[in-house]
Amino acid sequence: MSVKSKIVAQFGNPSGPLGALAGRIMAARKSNRFRNEKTVEIMDLRPHSQVLEIGCGPGLALSRCASLVTSGRVVGLDHSGVMIRQARNRLRRQGVADRVDLLEGRIDLLTAWPETFDRVFSLNVIQFQSDKLGFFRALFDTLAPGGLCLTTYQPRLDADGSATARRMIAGIEDALHAVGYENVREIKIIGGAAPATCVVGKKMILTKANAQQAKGD
Ligand SMILES: C[S@@+](CC[C@H](N)C(=O)[O-])C[C@H]1O[C@@H](n2cnc3c(N)ncnc32)[C@H](O)[C@@H]1O
């Protein structure tokens, strides 16, 4: 295996020195910084927002969230201890560490999580999930009614980058519909041969009318 392939293999769960290097690459890469920036912009955060990021990596998006959410809540989850440490160091350097809770663990940590969020998001994490439906269902359960789930995906730049993106985006949309998200829509972040797209789904607000409709379904 080439050194490059060994580093790429780290992106799903970075560990050890190669994992730390993969984290530094994520933090430095221009396209990654841009898609993190844009995804946070799409969330339209308010000072009181309640935000959860799954697979926060080195914390690029969390640090932007923390600069916008001053009285709400920002939580980042990652199963890699190396990534949690890099995210913590970034947040400390930026003086916003006290505004973010970092959790080291897998998405199962969210089962019966005691609080809800109005924004739940992930960036280049979905491709590592073998059970995509289970992933979106877990996020659905942590969302408050009316809350948004945002999933940004950008394939690696290779010969069939845009075909890979098309397949993944279609799969995300199908999974969101199957779980019960509404107003599912795509927002293009980067065009070209390896397009970055953010898919947004909304957890509907439970009203008397739609609760009755759901019962009848
Ligand atoms: C390619 S990196 C992206 C990091 C960050 N979102 C970014 O865009 O810079 C994927 C991250 O998701 C984490 N991850 C993947 N699957 C996960 C899961 N099921 N639970 C928690 N973290 C996960 C990995 O450890 C890694 O830090």
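**Figure 1. The largest nonpolar core comprises 26 residues**. In this predicted model, the residues with the most contacts inside the core are Ile54, Phe135, Phe136, Leu139, Ile172 and Tyr181. At least two core residues are supplied by each of strand E1 (50-54), strand E2 (73-78), E4, H6, E5 and H7. Helix H7 contributes the largest share, namely six residues.

**Figure 2. Surroundings of Ile172, a residue of the largest nonpolar core**. When neighbours within four places in sequence are left aside, Ile172 is in contact with Ile126, Phe136, Thr151, Tyr153 and Val199. Of these partners, Phe136 is also listed among the residues with the most contacts inside the largest core. A second, separate core contains 25 residues, including Val51, Cys56, Val74 and Val100.

**Figure 3. Buried residues of helix H6 (residues 132-142)**. The buried positions of this helix are Phe135, Phe136, Leu139, Phe140 and Thr142. Viewed down the axis of H6, these residues fall within an arc of 165°, and they therefore line one face of the helix. In an α-helix there are 3.6 residues a turn, so residues three or four places apart point the same way. The buried residues of H6 pack against strand E1 (50-54), strand E4 (117-123), strand E5 (143-153) and helix H7 (161-179). Phe135, Phe136 and Leu139 are also among the residues with the most contacts inside the largest nonpolar core.

Figure 4. Two or more lining residues are given by each of helix H1 (3-8), helix H2 (16-28), helix H3 (30-43), E1, helix H4 (60-68) and E2. Helix H3 gives the most to this lining, with four residues. By class, the lining of the largest pocket comprises 22 nonpolar, 15 polar and eight charged residues.

**Figure 5. The second largest pocket holds about 260 Å³ of space**. Sixteen residues line this pocket, and those closest to its centre are Ile107, Asp108, Gly134, Phe135 and Ala138. Phe135, shown here beside the pocket centre, is one of the buried residues of helix H6. The lining of the second largest pocket divides into seven nonpolar, five polar and four charged residues.

Definitions and conventions:
Residues are numbered from 1 along each chain as its sequence is written. This is a predicted model: local features need pLDDT of at least 70, side-chain atom pairs count only at pLDDT 80 or more; totals for chains, interfaces and linings use all residues. Side-chain values use heavy atoms; hydrogens and water are left out. Buried means under 20% relative accessible area, exposed over 50%, partly exposed in between (1.4 Å probe, protein chains only). The arc is that of the directions from the helix axis to the C-beta atoms. Contact means heavy atoms within 4.5 Å. A nonpolar core is a set of buried Ala, Val, Leu, Ile, Met, Phe, Trp, Tyr and Cys residues joined through side-chain atoms within 4.5 Å. Ala, Val, Leu, Ile, Met, Phe, Trp, Tyr, Cys and Pro count as nonpolar, Asp, Glu, Lys and Arg as charged, and the others, Gly among them, as polar. On a 1 Å grid over the protein atoms alone, a cavity is a set of points where a 1.4 Å probe fits but cannot get out, and a pocket is an open set with protein on both sides within 12 Å along at least five of seven lines; lining residues have an atom within 4 Å of a point. Grid points are joined across faces, edges and corners, and a volume is the space filled by probe spheres set on the points.
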